[in-house]
Amino acid sequence: MRKREPIKKQDNVVFFPGFEKRLTDKGLESLHNRKYSEAIQWLEEARTHDPENGEILIGLVLAYFESSAFQKAKVLAKDMLLKGIGDYFQLVDLYLTILIQLHEYDEIVTTIEVLLEEKEIPPDRHNHFTTLLQFSRRMAEGSGADHEKTELEENNSEPLNLLTIHNLNEQMLVISNLAEKNFRPYIAEIESYLQAEEGHPFIKTVLVSLLKEQEWNKELIISKFLFEYKVNPTKLPDVRQQPKVRQIKACLEQQLENSNPGLLDPIIGLVDRIFFISYPFELEPEQPEAWAAAFQILTQEYLGEEQDLVIIADEYQVQLKEIELAIKQIKMIEKISYPNI
């Protein structure tokens with residue numbers, strides 16, 4: 001006969017056996033159904049009863065990540081790493097993915113350097129981490145690659161095979177290797193990927209940014225979200241300095257800096273993510289105020305806060321239909337392009 005679980009008591013409230021499991025199951029089910037605010041509520045409650053349960057914590061990290069609360073996801077994932085909760089290398093991969101979303105390349109470098117020094121990395125993972133380390137160092141330093149390679153190196157360059165790799169992190173590692181070599185022998189393959197419907201929008205942004213950094217001064221076609229756009233990489237703004245993004249952030253700061261400053265970080269995180277993925281496309285509507293309102297509404301929705309669209313439209317002084325168009329665009333981009341973890 002199985003021994004019964006003891007009845008728990010907290011603040012004079014009695015919790016029956018299996019209570020945490022039911023909360024966890026509800027949270028993970030909500031996460032699976034993309035109801036992230038519900039998932040966070042269930043899993044946070046489960047966490048109060050079992051604060052070091054790996055299943056609860058990893059679900060909570062993913063729920064925060066999916067709702068664009070990247071800082072909360074980062075803090076929780078880092079705490080799990082320090083406490084040794086969960087599968088270490090799986091969690092490291094997740095933590096580094098969060099840092100990539102936050103563009104915290106210095107932290108990625110520090111994390112991997114410590115990992116290489118203090119942990120026994122499995123042989124099949126060593127190349128993964130060292131290549132990501134090289135890429136992150138380059139992004140942190142903002143230095144361009146050396147274009148001068150020998151004729152022999154160019155003639156013997158092997159294809160990238162990006163379209164045959166289905167893991168996003170592995171595609172990133174392949175691209176990071178281009179920082180150490182002349183990318184020009186690969187330009188035909190890069191252009192094919194940029195035009196391919198199955199190419200991931202996130203990776204396309206990284207490739208276009210690489211071409212801009214390396215001053216590729218020729219027009220090429222990019223296909224994203226069933227649209228095509230012809231660009232010259234050298235004439236594009238930096239992905240992190242897009243004019244519309246700066247205008248949207250200015251609108252958000254004006255509206256929320258005094259009234260709700262705690263909401264700014266998660267909204268800014270979502271803004272950066274959407275416009276990174278959509279780069280270099282110009283999205284409709286044109287008004288930055290409509291986008292700012294849309295991002296505020298969606299972020300508060302993800303956090304489980306109800307908002308009146310009419311009131312928000314009035315606060316930002318834009319038409320409701322413009323906000324609804326921006327919301328539609330954001331949701332479309334999230335559905336199509338969000339990296340699977």
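Predicted model: local features only at pLDDT ≥ 70, side-chain atom pairs only at ≥ 80, totals over all residues.
Residues are numbered from 1 along each chain as its sequence is written, and side-chain values use heavy atoms, without hydrogens and water. Local features need pLDDT of at least 70 and side-chain atom pairs count only at pLDDT 80 or more, while totals for chains, interfaces and linings use all residues.

Q: How many helices and strands does the protein chain have?
A: Helices (H or I, at least four residues) and strands (E, at least two) are DSSP runs, numbered from the N terminus. On that basis the protein chain has 16 helices and four strands.

Q: What percentage of the 341 residues of the protein chain counts as buried?
A: Buried means under 20% relative accessible area, exposed over 50%, and partly exposed in between (1.4 Å probe, protein chains only). Of the 341 residues, the buried share is 48%.

Q: Are α2 and α3 roughly parallel or roughly antiparallel to each other?
A: Axes are lines fitted to C-alpha atoms, for helices over the stretch in contact, and angles run from 0 to 180 degrees between N-to-C directions. The axes of helix α2 (residues 36-49) and helix α3 (residues 54-66) come within 9 Å and cross at roughly 150°. Angles under 35 degrees count as roughly parallel, over 145 as roughly antiparallel, 65 to 115 as roughly perpendicular and the rest as oblique. The two helices, α2 and α3, are therefore roughly antiparallel.

Q: Which residue meets Arg-47 in a salt bridge?
A: A salt bridge is a side-chain nitrogen of Lys or Arg within 4 Å of a carboxyl oxygen of Asp or Glu, and a search of the whole structure finds seven. Arg-47 is partly exposed at 26% relative accessible area. The N to O distance is 3.4 Å, and the partner is Glu-44.

Q: How many residues apart are Lys-249 and Asp-272?
A: Their side chains meet in a salt bridge of 2.8 Å, N to O. This pair links distant parts of the chain, with Lys-249 in helix α12 (residues 243-256) and Asp-272 in helix α13 (residues 264-278), and the separation is 23 residues.

Q: Are Glu-334 and Arg-273 buried or exposed?
A: The side chains of Glu-334 and Arg-273 form a salt bridge at 2.7 Å, N to O. Glu-334 lies in helix α16 (residues 320-337) and Arg-273 in helix α13, so the pair ties together parts 61 residues apart in sequence. Both Glu-334 and Arg-273 are buried.

Q: What is the relative accessible area of Lys-74?
A: Lys-74 is in helix α4 (residues 70-83). Not counting residues up to four places away in sequence, Lys-74 touches Tyr-95, Ile-98, Leu-99, Leu-102 and Glu-104. Lys-74 is buried, and its relative accessible area is 15%.

How values were computed. Contact = heavy atoms within 4.5 Å.
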